[in-house]
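Here's a quick briefing to read alongside the model. Take a look at the structure first, then run through the points below.

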Amino acid sequence: MSTSMVETAAKFLDLKGLLCPIPVVKMAKAIKEVAVGETVEAVATDPGVMADIPAWCRSTGNELVSIEKQDKQFRFIARRAK
Amino acid sequence: MIATPTFDLQTETAFQAHHNGRAVKNKLSVVVFSGDMDKVMAAFIIATGAAASGMEVSMFFTFWGLKALEKPRQITGKSLFGRMLGVMNRGGLDAIGPSRLNMGGLGRWMFKKMMQEKHVASLPELYEMAVDLGVKMMPCQMSMAVMELDRMNFQPNVTEPVGVAAFLEEAAESKITLFI
């Protein structure tokens, strides 16, 4: 069962076709638009997000709820920490 | 009795982590020396990535780097040499070429086309992103004087011209400092 079924993300981002640094920049913008404790869910096609999104979560302190490769897409959820 | 000088790593580290009593911030300082499209792109990608990761970012543009801050389609310079420099080496994010294989502008066109096909953000888009994220962009006063550039020649959002001391103050309180 995917984690995205447990709760509905407050915001959804379509990052398909976008390359570095846009996924990170858009995530940074989106996380500010949800309340603390809420999540942002995103889908990307750039394999770079598998390294970049966890690193971005570590440096910003936001929680990486999940990140997974589905076929040729990368789906991830981050929770706003502060 | 002669006191032997001791090296205390802890004190030393604590000293290095402060600059005149000011703590090192979660901050990035970048010297943009190059005016080449590829290198300026690297500088802006790192700057926007850092700003998106919650870092404060300062970019110091000097020498050829000033070309990146210039408004497009303008003739700069006042003296003969200044004019020559302005005419032969046009500034602006769309006019600067890659450091290799520019081939008189053909390389620049080719790279732009390839990047567009792959949906990579263009330099003007990266610049806008940097502005939105609050990246501070400072032009070097001395280089401006040498190259006969005026603040009017630059894009809006560029700060007042600064010197080496201003940059060093930014760098001293930064976790990361890069020279590109």
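**Helices on the sheet, chain A**

In this predicted model, H1(A) lies across E1, strand E2 (39-44) and E4 of chain A, and runs at about 165° to E1(A). H2(A), for its part, lies across E2, E3 and E4 of chain A, at about 175° to E3(A).

**The sheet itself**

- Chain A has four strands in an open sheet, ordered E1-E2-E4-E3, with mixed pairing.
- Strand E1 (11-15) and strand E3 (63-70) of chain A sit at the edges; each has a single partner strand, so one side of each has no neighbour in the sheet.
- On average, neighbouring strands of this sheet are turned by 15° against each other, ignoring direction.
- E3(A) and strand E4 (residues 73-79) of chain A run antiparallel and are joined by seven bridges.
- Glu68(A) has Arg75(A), in E4(A), as its bridge partner.

**Where chain A meets chain B**

- Twelve residues of chain A are in contact with eleven of chain B.
- On the chain A side, the elements giving two or more residues are helix H1 (22-32) and helix H2 (49-60).
- H1(A) gives the most to that side, with four residues.
- By type, the chain A side splits into nine nonpolar residues, three polar and no charged.

**A spot in chain B**

- Ala23(B) belongs to strand E2 (residues 22-23) of chain B.
- Ala23(B) counts as exposed because it has 8 C-beta neighbours inside 10 Å, and the cut-off for exposed is 12 or fewer.
- Ala23(B) and Glu173(B) are 150 residues apart along the chain, yet their C-alpha atoms are separated by 6.6 Å.

Methods
Residues numbered from 1 in each chain as written. Chains lettered and ligands numbered in written order. Predicted model: local features only at pLDDT ≥ 70, side-chain atom pairs only at ≥ 80, totals over all residues. Contact = placed C-beta atoms within 7 Å. Nonpolar A, V, L, I, M, F, W, Y, C, P; charged D, E, K, R; others polar. Buried ≥ 20, exposed ≤ 12 C-beta atoms within 10 Å, placed from the backbone. Pairing = 2+ DSSP bridges. Axes fitted to C-alpha atoms, helices over the stretch in contact; angles between N-to-C directions.
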